[in-house]
Each structure stands twice: as structure tokens, then as C-alpha cells.
Amino acid sequence: MVRVGIIGGTGYTGSELLRILARHPEAEIAAVSSRKEKGKKLWEVHPHLKGFYDLEFVEPDFAVFSECDVVFTAVPHGEAMKYVPELYEAGVRVVDLSADYRLSKEKYEEVYGKEHEAYIDAVYGLTELHRDEIRGAKLVANPGCYPTGAILAVAPLADLELVERVVFDSKSGITGAGASPTEFTHYPNLHEAIVPYKITEHRHYHEMEQELRRFQEDIRVSFTPQVFPGSRGILTNAHVFLRGELEQDELEEIYRKFYDGCYFIRMQRSVRLSYVRGSNFVDISVHKGRDRVVVVSAIDNLVKGASGQAVQNMNVMLGLDERLGLDYPPLFP
Ligand SMILES: NC(=O)C1=CN([C@@H]2O[C@H](COP(=O)(O)OP(=O)(O)OC[C@H]3O[C@@H](n4cnc5c(N)ncnc54)[C@H](OP(=O)(O)O)[C@@H]3O)[C@@H](O)[C@H]2O)C=CC1
Ligand SMILES: CC(=O)N[C@@H](CCC(=O)OP(=O)(O)O)C(=O)O
């Protein structure tokens, strides 16, 4: 069995890792950290997991986590870099869910406005696009939730250098903002509302641009995020202005070919968040319009947008079937 550690086990992504790994046939949870809840049983903090684990939260000590085969760092930006280098040096495989290793060092420092003192080159963990590099990698930087749905929506067209420009318009459930309550997430401020924020300047834009430029260097990208009053899911409408004309059946064929063999990507006629809820699937539909192509993608932000993709990456890193622990239907409706 693979011995797994989770640093940051009380947040939404930590608890989702525990939910997914509870039935993983090749992995067992060896240690889960929380500084605030240390000494408490996991189920005391996560009652929905009662009966699945008898472990207690522990401090995020190197002596404990360096005994693991794989560690997930599910902690805020800027905090993961306090743990990752030591574990990496000790030969522990790390999947980091924060933004600390997703961008180049220079880009990170520009976007996050501080020096990165513990930089290591990591593989960007968008599994379907980097599977070969992830196999055998020691450090995988799990992508942000918005970039996962956005990049996958456009990669097949960027791969053929067909995109003049793309405008991503994304709507996220509120778990994307983490477990700590804020004015932004406060119920009266959010219910019956769809709230745009960081309308022209969201940090995830840089991840989208970095990844899509690997396919097409001159691609132009714009991104506007919004939140809706639901807990899970990100729906992205990618408005793609193409170079040249493509018919609907040609578009569909490009996507089918590009994602051939990708179990978690499903081409659909219509896409809804409720068709992917609780699952690691990415549903995509492609629509030719008069002036543009619209590609719609849907993910569960806590699964494919975070912890599910992190487990998929662990599976690939260890040479396991990437579906292990993740192969179940979505929770509909
Ligand atoms: N929510 C989402 O949809 C997504 C989130 N992410 C990223 O995943 C990471 C975790 O997100 P999320 O679960 O929402 O975060 P939360 O804010 O909900 O939880 C953070 C967790 O980290 C622990 N923690 C905080 N600071 C430290 C520290 N310095 N050392 C050790 N542990 C610490 C906390 O426990 P304690 O303080 O008790 O130790 C807690 O368990 C973030 O980087 C986030 O950006 C990525 C994709 C999607
Ligand atoms: C709704 C909401 O607030 N979403 C978060 C993104 C969460 C995420 O997945 O991204 P990171 O891992 O990069 O934090 C935001 O806009 O910052």
C-alpha cells in the first residue's frame, strides 16, 4: 500500500482528499495535519467521514510526513513552500495543491508580489496534457480550479494554432474560496446573486496563458471569474475567435481526436454542472456560432479542480491506473 500524508487536512481540499482516498484500493492514509485541531479524531472535524478513519490530526512535522511515500500539501499559497523542499529532498513524492509551484519563478514573483525563496521546477499537473512528464515526477503542481476547465476547453484548438483570441467567462461555486468565512462568502451577500470579481485581473489568467502558450505562442487570452450561490462546480464558456472557418463536425472531430484515451474527458451535446458534481469528469461541448466558436466546460472544482486531479496525478506518478479511487458516476441531480 502507498502511505499517504495530507498537510492541511481541515480545509475543503484536504477533506475532499480524505473522502476520495477512503476507498482507494492502493493507498492508505498515514498522517493528516492540522495545527488548530491536532489531537482530535478526523471525524470530529469531518462528521461525514465518521466510520472511515480512526486517525487523529497531528502537527505538520517533517519527522512524521517524511515517512510517507506521497504527501499532498493542501495549504494556502505561500505556505506550501515551507514544507515542499524538505520533503522533496527526502525523496517523498509531493502533489502541491497550492499555487506555489505552478508558474515559472519569475512569473510567480510578478503575480504573487513576493520573492520565491524555495523554488523547484515542478510538472504542471493538468493530467491529460502532461501525463508523460507526471509519470515518475517527484513534484507535481496541481493546477488552479479555473485554469483546469479553461485550458482543457481550448487546448485542442490551440494545439493546431487555430486561435486568434479566447475569452473565458467562468462561474464558480463558493467552496473555491476556501473554508474560512469572509464578507464575500457571507450568505446574504451571495444568495440569489452571481457576483463578478477580479473582473480583468485574476491571478489564474497567468496559468491559462502560460499553459496555452505551450501550444500556441501568440494566443491572446482574457478571463473573467464570477461566483454563484452554490457550493461546487465551475462552468466555463470559452468564446473562441478562430483563424479561418471550421464546420461543426470538423470541430467535434478535433476534440474527439485530441482527447482520445482520456477517460475523464467526456464530449457532450449539452453541459451542466449537475452532470459532473462529485466526480472527476470534465464535460465539454463545442458550438459553432456566426462570429465565434463557444466551448463550454464543466468540472467539480473540489474534484477535477483540486483533490480528484491530485489523486489522478498521484496514480500517474506511481504508475497506477489513473482511475483508481476516482471511477464513479457523478452525483445527479
Ligand atoms: N477550494 C478550492 O476549490 C481549491 C483550492 N485550491 C488550493 O488548495 C489549497 C487548500 O485550499 P482549501 O482546502 O480551500 O484551503 P482552506 O483554507 O480551506 O484550508 C487550509 C488548510 O491548511 C492548513 N494550514 C493553513 N496554514 C498552514 C501552515 N502554515 N502550515 C500547515 N498547515 C496550514 C489549515 O489547517 P491548520 O491551520 O489547522 O493547520 C487547513 O487545514 C490552497 O492553496 C488553495 O488555493 C486549489 C484548487 C481548488
Ligand atoms: C471562488 C474563489 O474565490 N475561487 C478562488 C480560486 C480557488 C482555486 O482553485 O484556486 P487556487 O488553488 O489558485 O487558490 C479565487 O478566485 O481565488
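Me: Why is Ala153 called buried?
Reply: Ala153 has 27 other C-beta atoms within 10 Å. A residue is buried if 20 or more other C-beta atoms, placed from the backbone, lie within 10 Å of its own, exposed if 12 or fewer do, and partly exposed in between. With 27 such atoms, Ala153 therefore counts as buried.

Me: What kind of model are we looking at?
Reply: This is a predicted model, where local features need pLDDT of at least 70, side-chain atom pairs count only at pLDDT 80 or more, and totals for chains, interfaces and linings use all residues. Residues are numbered from 1 along each chain as its sequence is written, while chains are lettered from A and ligands numbered from 1 in the order in which they are written.

Me: Which residues touch Ala153, and what makes them contacts?
Reply: Two residues are in contact if their C-beta atoms, placed from the backbone, lie within 7 Å. Setting aside residues up to four places away in sequence, Ala153 touches Thr236, Ala238, Ile284, Val295 and Ser297.

Me: Which helix holds Ala153?
Reply: Ala153 lies in helix H7, residues 145–159. Helices (H or I, at least four residues) and strands (E, at least two) are DSSP runs, numbered from the N terminus.

Me: Where is Cys145, and why is Cys145 called buried?
Reply: Cys145 has its place in helix H7. There are 28 other C-beta atoms within 10 Å of Cys145, so Cys145 is buried. Among the residues that Cys145 touches, beyond those up to four places away in sequence, are Ser172, Gly176, Ile234 and Asn301.

Me: What does UniProt list for Cys145?
Reply: An unreviewed UniProt entry lists Cys145 for "active site". UniProt positions are given in the numbering used here, feature names are shortened, and annotations may be inferred rather than shown by experiment.

Me: Which residues surround ligand 2, and what makes them near?
Reply: A residue is near a molecule or strand if its C-beta atom, placed from the backbone, lies within 6 Å of it. Ligand 2 is surrounded by Ala99, Gly144, Cys145, Ser172, Gly176, Ala177, Pro225, Val227 and Gly305.

Me: How is the shell around ligand 2 divided by class?
Reply: Ala, Val, Leu, Ile, Met, Phe, Trp, Tyr, Cys and Pro count as nonpolar, Asp, Glu, Lys and Arg as charged, and the others, Gly among them, as polar. On that basis the shell around ligand 2 has five nonpolar, four polar and no charged residues.

Me: How many residues surround ligand 1, and which helix gives the most?
Reply: Ligand 1 has 32 residues around it, and the closest are Gly8, Gly11, Thr13, Ser98 and Ala179. Helix H1 (12–21) and helix H11 (303–317) each supply at least two residues of this shell, and H1 gives the most, with three. By class, the shell has eleven nonpolar, 17 polar and four charged residues.

Me: How is the protein chain divided into domains?
Reply: The chain is divided into domain 1 (2–121) and domain 2 (145–301), with bounds that come from an automatic or database domain assignment. The C-alpha centres of the two domains lie 27 Å apart, and the contact takes six residues from domain 1 and seven residues from domain 2. The shell around ligand 1 draws at least three residues from each of these domains.

Me: What makes a nonpolar core, and which residues in the largest one touch the most other members?
Reply: A nonpolar core is a set of buried Ala, Val, Leu, Ile, Met, Phe, Trp, Tyr and Cys residues joined through C-beta atoms within 7 Å. The largest here has 84 residues, of which Val71, Ala150 and Val154 touch the most other members. H7 gives the most to this core, with ten residues. Val71 is in contact with residues including Ile7, Phe65 and Leu87, leaving aside neighbours within four places in sequence.

Me: How do you know whether Leu302 is buried or exposed?
Reply: Leu302 has 26 C-beta neighbours inside 10 Å, and therefore counts as buried. Leu302 lies in the loop between strand S13 (293–299) and H11. Apart from neighbours within four places in sequence, Leu302 is in contact with Tyr12, Thr13, Glu16, Thr175, Arg232 and Ser307.
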